[in-house]
Amino acid sequence: MAALLEVRNLAKSFGGISAVADVSFDVYAGEILGLIGPNGSGKSTLFNCILGQLAPSAGEVRADGRPITGMRPCDLNRLGIGRTFQLLQVFPQLSVRENLILAGQEHLGSMWSRLAGPHDAGLTGTANRMIEFFRLAAVAEERAGALSYGQQKLLDVAMAFMAGPRLVLLDEPAGGVNPAMLVDLRERLREINATEKATFVVIEHNMEFVMSLCTRILVLAEGRIIAEGAPEAVRGNRDVIEAYLGR
Amino acid sequence: MKLAPRARVIAGAAAVALLLAAPFGLKPYGIYLLSLWAVMTIAAIGLNLTLGYAGQISLAQASFVGIGAYTAALLTTQGWPLWAAFALATALSFAIGWLLGYPALRVQHHYLAFVTLSFATLVFLILRNEEWLTKGVYGISNIPRPTVLGWSTQAPIDFYFFCLGVLALVSAATGWLIRSPWGRAFTALRENPIRASSLGVDTRRYTLMAFAIGSALGGVAGVLYAPLVQFIEPTAFALGLSFSLLLMVIVGGSGYFLGPFLGAAVSVLLPEWLRFSEGLYLIVYALFVMILVAMCPSGLIGLAERLRRPAAIATPKPVPRDDGNGSS
């Protein structure tokens, strides 16, 4: 199977500290890949290097066989690669619906055609469907900053899907979300994966969430991949247990 | 500030009626102040776009008013029509504003303020020292007021209505802009540029565009300012005016469409209304501004919104300006 995303020998150092060291892996179309590891293992740094927020010290990233190393996040997004962040990243002064419209508008036409076109960029219908899908209808007109943490988290995730991406990198989507909403979020992600054929890479500390959602797991420790495989296999891996619990 | 659609129409109609009726019965100086309010509102609308919506601080707005004013003065005293000055000043200010936006791609906040402050100083020195072009400290006088489709705007009241007409056009265009996808992208740029970029917003182009459009509106204001005062010299466009325009945006309500209208009224008209207190009027004015900004940083519009629906206004939660990542 051809890889949707190829990461080859990726490394990132901050001064003398190596945050990511010689990491290589593939992400295949349609899979949900989990990326786990203890705090400080380099997961988010790896995401940032893949997604153009940080320039890698070495290595290469390819999407559909095309080099994307060092491309700007906005250009990567227009290639169909979306992301969410570990910390909440909604636009608090915009309404829920406007947050969603914003998340999709830059994929439509040119900058000038968007200025001359309708104010909602023709995305109200799509935004409304996303609002229904993520069960945010009751707060659709509210400013995002006035929502509860869990609702903001759902909005944050919903925004990543507004433009119909092929690949989404989710950084701790379950962080701070209450158990009831967590079940909902997992079902939403599964459904998008099944119906839209979207591929996910998920960083997560919530083991129950990640093991039940992902089809394959990568384990990172001290900037290196120490294990890879199906959730059950990774769960019993001695190196993984040592990385989390210490020797 | 969001009102019900019907209330908005009524409030808008009342404001327009007030502006149309205001000059009648006023002496020429009163009409001059109203015209100055309209001109400064246009400049403040431009700065509100750059600062209030896109979040890019600029202390150079007075320079663009100066560029517009000198363009108008130089052209119209040579017999060119004012519309030619509008076209040239807008294009010139847009282009220079675009270039001034480049530092904003690297630095923000007080660093960017100092970059724009340096630019303002540079423009002031050019206006003062390049006498062959600007006549230096002697200034340019006898700037004519335009005749528009046979309508002479020589009389103060006619020129006021001309300024009001341009303000209406600028307001309509700006209203369109901030409700468009561009306005949404500007707001995203202000609130969280890293997230905006991850959603496909080309933060570089929008930053430059915010500077360019805001500067162009400064140029438009300058083109009106020159025939309003009919004599211009460099000190009118020094740093003091940039601070006044910044004050208008902040006092009115930064990032609110109506903010510049109220802010310009406070800055231009309030000191005159306070003259009844004779020697104390500037002290009263300064105290008013200090208290307002300290108590209500979101300005007069923000204050009105807070009074209108106190329970519904949530304090905006600070959004992290780092890369959005935690410890891992």
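How many residues of chain A are in contact with residues of chain B? The count is 37 residues of chain A against 30 residues of chain B. Contact here requires C-beta atoms, placed from the backbone, within 7 Å.

## Model and confidence

This is a predicted model: local features need pLDDT of at least 70, side-chain atom pairs count only at pLDDT 80 or more, and totals for chains, interfaces and linings use all residues. Residues are numbered from 1 along each chain as its sequence is written, while chains are lettered from A and ligands numbered from 1 in the order in which they are written.

The model scores are ipTM 0.91 and pTM 0.89. Chain B has a mean pLDDT of 91, with 93% of its residues at 70 or more. The pLDDT scale is the predictor's confidence in each residue, from 0 to 100. Residues 312-324 of chain B fall below 50; beyond near neighbours in sequence, this stretch has 22 contacts in the model. Where pLDDT is low, the predicted coordinates should not be read in detail.

## The A-B interface

Four helices of chain A each supply at least two residues of the side that touches chain B: α1, α2 (73-78), α3 (96-105) and α4 (111-116). Helices (H or I, at least four residues) and strands (E, at least two) are DSSP runs, numbered from the N terminus. The most comes from α3(A), with 5 residues.

By class, this side of chain A has 16 nonpolar, 14 polar and 7 charged residues. Ala, Val, Leu, Ile, Met, Phe, Trp, Tyr, Cys and Pro count as nonpolar; Asp, Glu, Lys and Arg as charged; the others, Gly among them, as polar.

## Mixed sheet of chain A

An open sheet of 6 strands runs in the order β6-β7-β8-β3-β9-β10 in chain A, with mixed pairing. Two strands pair if DSSP finds at least two bridges between them. From one strand to the next, the twist averages 20 degrees. Helix α1 (residues 43-50) of chain A packs on this sheet. It touches β3 (32-36), β6, β7 (167-171), β8 (199-203) and β9 of chain A, and its direction makes about 150 degrees with that of β7(A). Axes are lines fitted to C-alpha atoms, for helices over the stretch in contact, and angles run from 0 to 180 degrees between N-to-C directions.

Both senses of pairing occur at β9(A). With β3(A), the sense is parallel, over 4 bridges; Ile36(A) has Val219(A) as its bridge partner in β9(A). With β10(A), strand β9 (residues 216-221) of chain A pairs antiparallel over 5 bridges. Ile217(A) stands opposite Gly229(A) in β10(A). The hairpin of β9(A) and β10(A) has 2 residues between the strands, and Glu222(A) takes a positive phi near 50 degrees.

## Antiparallel sheet of chain A

Another open sheet has 4 strands in the order β2-β1-β4-β5 of chain A, and its pairing is antiparallel. Its edge strands are β2 (17-28) and β5 (66-67) of chain A.

Strand β1 (residues 3-14) of chain A joins β2(A) through 8 bridges. Leu5(A) has Val27(A) as its bridge partner in β2(A). Phe14(A) stands opposite Ile17(A) in β2(A). These two strands, β1(A) and β2(A), form a hairpin with 2 residues between them; in the turn, Gly15(A) has a positive phi of about 65 degrees.

## Helix packing in chain B

Helix α3 (residues 61-76) and helix α10 (residues 203-229) of chain B have axes that come within 6 Å and cross at roughly 45 degrees. α3(B) and α10(B) are therefore oblique to each other. Angles under 35 degrees count as roughly parallel, over 145 as roughly antiparallel, 65 to 115 as roughly perpendicular and the rest as oblique. The α3(B)-α10(B) crossing is right-handed. A crossing is left-handed if the near helix is turned anticlockwise from the far one by less than a right angle, and right-handed if clockwise. By class, this contact has 12 nonpolar, 9 polar and no charged residues.

Helix α2 (residues 28-53) and helix α12 (residues 259-273) of chain B pack at about 140 degrees, with axes 8 Å apart. That angle makes α2(B) oblique to α12(B). Their crossing is right-handed. Residues of α2(B) in this contact include Leu33(B), Trp37(B) and Met40(B); those of α12(B) include Phe261(B), Val268(B) and Glu272(B). The class count is 12 nonpolar, 6 polar and 1 charged for α2(B) with α12(B).

Technical notes: Two residues are in contact if their C-beta atoms, placed from the backbone, lie within 7 Å.
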